Amino acid sequence: MRWFKHQSSSGSVRFTQLLALLQFRQFGDDLKDWLPFWGQFKHIDKDDDIAPENKFQYLVQATVVDSIAREVVESFPPTGENYAKAVDSLKARFGSESIQVLIGADIMGRLLTGKRKLLSSGLVAVETHLGWTLMRKVTQVNTERVNLAMIATSLFVKEAEIADLWRLDVLGIKDPMEKSQNKNDRHKN
């Protein structure tokens, strides 16, 4: 086991253990890869002992060559001052700090209430049991690497606890034991 002594720019001294090298999870264009990528990279982002210009280089290495994410990062000169701007641009384009859920078409059909409204902007508002969702086809961009079919933004009109979003009855799935208990209660009355 090897230990290294580090002195930060603030003057504090700490010892760290040398561990095996980790492979960066790389991020390209696929939105479903954003959360796993950022879950790993945020540890570098929050580490005050890594200089911003080094964080910038790690960010470049953590993006896929010729991807939109790499283009976003490399649109900034690689300086410490631009690191935060590059991260903010990636977050604005691909991610958000809020909870994101990818729902398959088989489950999405159960969430729809049947109400929809076509807005003058070309957006379609669709009501679900979780709230309203706005949808629209993405306009074609001058690249062959675009793999998005639609943009969806949730507008939650219902106040809900996180646990409520995972309840099965929201999807129309009822517990058989609950049904039989309700029948027994009705027979007693």
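The largest nonpolar core of this predicted model comprises 21 residues, where a nonpolar core is a set of buried Ala, Val, Leu, Ile, Met, Phe, Trp, Tyr and Cys residues joined through side-chain atoms within 4.5 Å, and buried means under 20% relative accessible area with a 1.4 Å probe and protein chains only, exposed being over 50% and partly exposed in between. The residues with the most contacts inside this core are Trp34, Phe37, Phe41, Phe56, Leu59, Leu90 and Phe94. At least two residues of the core come from each of α1 (34–46), α2 (52–61), α3 (68–74) and α4 (80–94), helices being DSSP runs of H or I with at least four residues and strands runs of E with at least two, numbered from the N terminus. Residues are numbered from 1 along each chain as its sequence is written. Local features need pLDDT of at least 70 and side-chain atom pairs count only at pLDDT 80 or more, whereas totals for chains, interfaces and linings use all residues, and side-chain values use heavy atoms, with hydrogens and water left out.

Strands β3 (residues 112–118) and β4 (residues 124–128) run antiparallel and are joined by 4 bridges, pairing being assigned if DSSP finds at least two bridges between two strands. In their hairpin, which has 5 residues between the strands, Gly122 adopts a positive phi near 100 degrees. None of the 7 residues of β3 is buried, whereas Val126 of β4 is buried, with a relative accessible area of 11%. Val126 is the bridge partner of Arg116, and its contacts (heavy atoms within 4.5 Å), leaving aside neighbours within four places in sequence, include Leu112, Lys115 and Trp132.
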